[in-house]
Amino acid sequence: MRSARTALCALLVTGAVGLSPTTASATSSTPSTPSTPSANRSAFTLSSTAFADGGVIPKVHQCTSGGGSDPGKRNESPPLTWAGAPTAAKSYAIVMRDLDNSDLIHWVIYDIPAGTASLPQNVDHAYRPSTPAGARQVYYRGSASLYGYQGPCSPSTVNTYEFVVHALNQPSLSRLNSNSSTRTAAREIIAATIGTARITGES
């Protein structure tokens, strides 16, 4: 009898060792441990209905200060939409750079309210644009002098322009004002960033 019990115990131990963790979890009657928030959260993404990631930026979004008189160029910012941002985000900012021109910053808009998940086409060229309410933009000093978006200005080359949406850990970048430079604003944004998403376009 003792030898039979010993054999039975050995069989049970062998079966338990051979059971894979996946099978054990699936057959367990106790609730599994909840996965971490980062595992459940969707990927943070940025997109535009104007162009695909890596695609050609339409002429309407190109600068009007690069010479010529092409009526198709209107220097209108492209529509942008983001999703899957960190739940702790208290505001957003967007920075646009020309990656082929020493990372020249073409656009900085910040203090975008946390409840916002998109920007319309042609955001006002103003320090405080009408949409999204509460947002602020940095003054661009370069081929043009204006608040907000300055479109691609590379008539003789094809450059890559990067749009990055930053999820920030504070509702307002209070240290910035209407006189802040694009580089100063970019530093403040990076210091407050808890997540980013990006797309690029060619022009």
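**Notebook: helix α4 and strand β10**

I started with α4 in this predicted model and looked up what its buried residues pack against: β4 (91–98), β5 (104–113), β8 (139–141), β10 (160–168) and β11 (193–202).

Next I wanted to know which residues of α4 are buried. In this helix, residues 182–191, they are T182, A185, A186 and I189. They sit on the same side of α4, because they cover an arc of only 100° around the axis. I then checked the face turned away from that buried side, and found the exposed residues R187 and A191 there.

Which strands does β10 pair with? I found 8 bridges to β4, in the antiparallel sense. On that side I picked out Y92, which stands opposite A167 of β10. With β11 I found 9 bridges, and these two strands run antiparallel as well. Here F163 stands opposite I199 in β11.

Last, I took a look at T160, which lies in β10. Is it buried or exposed? T160 has a relative accessible area of 17%, and the cut-off for buried is under 20%, so T160 counts as buried. Leaving aside neighbours within four places in sequence, I listed its contacts: R97, D98, L99, D100, T200, G201 and E202. With E202 I also noted a polar contact of 2.7 Å between the two side chains.

Notes:
Residues numbered from 1 in each chain as written. Predicted model: local features only at pLDDT ≥ 70, side-chain atom pairs only at ≥ 80, totals over all residues. Heavy atoms only, no water. Buried < 20%, exposed > 50% of the residue type's maximum accessible area, 1.4 Å probe, protein only. Helix = DSSP H or I, 4+ residues; strand = E, 2+ residues; numbered from the N terminus. Arc of directions from axis to C-beta. Contact = heavy atoms within 4.5 Å. Polar contact = N/O pair within 3.5 Å; in protein donor to acceptor, adjacent residues only side chain to side chain. Pairing = 2+ DSSP bridges.
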